[in-house]
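Please walk through this model as a tutorial, taking one feature at a time.

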Amino acid sequence: MAATGGHGADIVLEMGGQAALAQSIAAAAVNGRIAIIGALAGPAGESIPNFPSIIGKNLLLKGIAAGSQAMFGRFVAAVGVPSDRIPIAADDDLPMPAATG
């Protein structure tokens, strides 16, 4: 929150699964969006953490299915693009405590 002056992030990319979802909810701004990409950590079937904050902040949670690296390789082969020609880019790679302030 300190990085945004207390505003919170308008868009949060959540890749840690339910084990990290509560941190993403806390880091999101009012009317923010959380993109839940895959489900890497946390027990299956666990309830959504901090449900009142989702409602109170008017958050939008959007699930995005992510496949395996093998599935991505088959996709690249199917479209005929050499894998070394597909750039992988990220602006920042922050540990969770730094990302949430």
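**Reading the predicted model**

Q: Which residues form a nonpolar patch on the surface?

A: Patches are made of residues with over 30% relative accessible area and no salt bridge, joining like charges within 9 Å and nonpolar side chains (Val, Leu, Ile, Met, Phe, Trp, Tyr) within 5 Å. A salt bridge is a side-chain nitrogen of Lys or Arg within 4 Å of a carboxyl oxygen of Asp or Glu. Here I11, L13 and M15 form such a patch, with about 300 Å² of accessible area together. Accessible areas come from the Shrake-Rupley method with a 1.4 Å probe, and for residues only the protein chains shown count as cover.

Q: On what basis are such values given?

A: This is a predicted model, in which local features need pLDDT of at least 70 and side-chain atom pairs count only at pLDDT 80 or more, while totals for chains, interfaces and linings use all residues. Residues are numbered from 1 along each chain as its sequence is written, and side-chain values use heavy atoms, with hydrogens and water left out.

Q: What pattern does the chain follow along the sequence?

A: Helices (H or I, at least four residues) and strands (E, at least two) are DSSP runs, numbered from the N terminus. The chain has four helices and three strands, in the pattern β-α-β-α-β-α-α.

Q: In what order do the strands of the sheet lie?

A: Strands of a sheet pair through backbone hydrogen bonds, either parallel or antiparallel. Two strands count as paired if DSSP finds at least two bridges between them. The three strands form an open sheet with the order β1-β2-β3 and parallel pairing. Its edge strands, each pairing on one side only, are β1 (9-14) and β3 (60-64). Neighbouring strands are turned by 15 degrees against each other on average, direction ignored. Angles run from 0 to 180 degrees between N-to-C directions, with axes fitted to C-alpha atoms, for helices over the stretch in contact.

Q: How many bridges join β1 and β2, and how many join β2 and β3?

A: Strand β2 (residues 28-37) pairs with β1 over five bridges, and β2 also pairs with β3 over five bridges. A9 has A28 in β2 as its bridge partner, while R33 stands opposite L60 in β3.

Q: Which strands does helix α1 touch?

A: Contact means heavy atoms within 4.5 Å. Helix α1 (residues 18-27) packs on the sheet and touches β1 and β2, its direction making about 150 degrees with that of β2. S24 lies in this helix and touches V12, E14 and I34, leaving aside residues up to four places away in sequence.

Q: Is S24 buried or exposed?

A: Buried means under 20% relative accessible area, exposed over 50%, and partly exposed in between (1.4 Å probe, protein chains only). S24 counts as buried because its relative accessibility is 3%. Q18, also found in helix α1, counts as partly exposed at 25%. M15, placed in the loop between β1 and α1, is partly exposed because its relative accessible area is 44%. In β3, the count of buried residues among its five residues is zero.

Q: Which value of phi does N58 have?

A: Phi of N58 is near 55 degrees, a positive value in a residue other than glycine. N58 is placed in the loop between α2 (51-56) and β3, and is exposed, with a relative accessible area of 51%. N31, found in strand β2, has a positive phi of about 65 degrees although it is not a glycine.
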